[in-house]
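Reader: I'm new to this one and would like a close look at a single part. Could you walk me through the place where the two chains meet?

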Amino acid sequence: MLEIRDLCTCYGKVQALWDVSLQVNEGEIVALVGSNGAGKTTLLNTISGLLRPVSGQITFLGKMIRGLPPHAIVELGISQVPEGGRVFPEMTVRENLEMGAYPYRVWRDKEATLKQVYQLFPLLKEREKQLARTLSGGERQMLAIGRCLMSRPRLCMFDEPSYGLAPLVVAEIFRIIRHLRDQGITVLLVEQNVRRALEIADRAYVLENGRICLEGACTELLENDHVRRAYLGL
Amino acid sequence: MTTVRILEIVIPGLLLGGLYALIAMGLSLQYGVARILNFSHGEFIMLGALTTWTLFTALGVNPFLALAMCGPAAFVIGFFIHRTLYKRLLISSPSPAVFESSSMLASFGLMFVIQNIALLAWGPEIRGYSYLSIPVNLGGALFGANRLVTLGVAIVIGMTFYLFISLTRTGKAIRAAAQDPAAAGLMGVNINSVLALCFGLGAGLASVAGMLISMCYPVHAVMGREYTIIAIIVVVLGGLGSIPGSFIGGFLLGLIGSIVTQIEPGLALVAYYAIFVLLLLIKPTGLMGK
Ligand SMILES: Nc1ncnc2c1ncn2[C@@H]1O[C@H](COP(=O)(O)OP(=O)(O)OP(=O)(O)O)[C@@H](O)[C@H]1O
Ligand SMILES: [Mg+2]
């Protein structure tokens, strides 16, 4: 579904991604793990069109999408839940969700989508009229996920959705990710919680210093010595 | 104080306030959303005012018809300026801070260019015309009909604009882009178009305000600078990026101006500066800022 080949991305003169190749098949949950500063956010932002790669290819459903602006990428069905949620603080919960349905493809059906999202997150319905900046960290992350779903994505990319949240909220977020897969939405999951990520995903990539150093089925990676030592603390 | 006396202060204050509100809402879009502290803002006011004056005195065109032409024309010019000049600066700026300073300098340049073209076209003379200046009795006090109509039009345009920003799909995109441009892009908002739209709308509002100003006050080729400063003060007063803040802040400053003018004409601008400095010291986020 999503195929990335030899991708290189730079910030000015500093190169952050080196020849990254990665593939996500329809219906999969693919985890992308790596330590701080490995380049995970950079990779998601390059896919989303916020950053322009210097070389390499990105194809989505057979279409070359490298170099397209972010709004064109969303229109094609790739949505991102950015690091920290990035909800619009001075908009209400409902307005934030409506912004998620901004692409023309989904704007007309936004009331119906909103109902589904409220079903998935009853709490957001209760807080409908509240400004997003008054939400708790967990609620904000739920809102960010709900807002992403409002665009009816085919591929949903999460950037560290569980970061800094209480265990109960983390469990809730992983429950939702599993639910999305059951709904037929493909997931690319960036996580610092490596154990949980490898448990939920089908396959995973390990990114170190801007390069993919390991990839494979999660069951294998959970047994891999390097992964066990560097990421699972065993 | 008698009711008449109060009315004589409040109505001109509201009139001034309505004009300030329009000007400030325009700048609020340019500075709060597009991050351009536009020093050429007042020049669009001046262009609106002098064009209306020319159309009225030379061709007998009704000022409101002039408004219907100048507003959209200024919008198109503003949109085009953003698409060519500011978009390029944005692309070549390594960080938002660099863009804020380079765009401000560019707007300074634009200010001088437009001002000098206006001086060539219209000369430095002070111009004015009389339209609808029939006195109207309001609670015992007399006001020119042109002033009351101007106040009404400013309020209607301001409110319409507020509703547009609050309720429409595009208005929401503008607010989202003001709060987090990258996140707005991830929602599917075409950021470059929204920024150009905001700059164009700001220019359009300035030109409409200029037309209204020409109906009530004398106008000339270098009138813009004072209004640019006032717009900046109101935007800070109302809270950066807050459209309702600019609307309310405009009326507030207009009322203050009117009261000060009653006590000592000529001190209004000094009072504005004093408020500005006090505000920066006490509450730099403004009335409705966060
Ligand atoms: N805006 C930027 N300008 C310059 N360098 C940047 C920028 N953003 C990230 N980098 C650099 O690029 C590298 C990758 O950063 P990135 O944010 O992609 O890492 P990450 O894997 O998401 O880390 P984390 O787990 O901390 O979120 C880092 O070395 C970082 O310093
Ligand atoms: Mg990151």
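**Where chain B meets chain A**

Author: Let's start with one pair of side chains. Lys172(B) and Glu98(A) come together in a salt bridge, with 2.9 Å from N to O. Keep in mind that this is a predicted model. Across the interface of chain B and chain A, the rule finds three salt bridges, and the pair Lys172(B) and Glu98(A) is a salt bridge of this kind. As for polar contacts, seven residue pairs are counted between chain B and chain A, both partners at pLDDT 80 or more.

The size of an interface is often given as the accessible area lost when the parts come together. Here, chain B and chain A bury about 2100 Å² between them, and 64% of that is on carbon and sulfur atoms.

Chain A is divided into domain 1 (1-77 + 153-234) and domain 2 (86-152). Their centres, taken over C-alpha atoms, are 23 Å apart. Domain 1 of chain A brings 17 residues to the contact and domain 2 of chain A brings 14 residues. About 1200 Å² is buried between these two domains, with carbon and sulfur atoms giving 74% of it. In domain 1 of chain A, the residues that lose the most area to domain 2 are Glu75(A), Pro153(A) and Ile176(A), together 40% of what that side buries.

Between the two domains of chain A the count of salt bridges is zero, while three residue pairs are in polar contact, both at pLDDT 80 or more. On the domain 1 side, α2 (70-76), β7 (155-159) and α8 (167-182) of chain A each supply at least two residues. The largest share, seven residues, comes from α8(A). By class, this side of domain 1 has 11 nonpolar, two polar and four charged residues.

Definitions and conventions. Residues numbered from 1 in each chain as written. Chains lettered and ligands numbered in written order. Predicted model: local features only at pLDDT ≥ 70, side-chain atom pairs only at ≥ 80, totals over all residues. Heavy atoms only, no water. Buried area = accessible area lost by both parts, 1.4 Å probe. Salt bridge = Lys/Arg side-chain N within 4 Å of Asp/Glu carboxyl O. Polar contact = N/O pair within 3.5 Å; in protein donor to acceptor, adjacent residues only side chain to side chain. Domains from an automatic or database assignment. Contact = heavy atoms within 4.5 Å. Helix = DSSP H or I, 4+ residues; strand = E, 2+ residues; numbered from the N terminus. Nonpolar A, V, L, I, M, F, W, Y, C, P; charged D, E, K, R; others polar.
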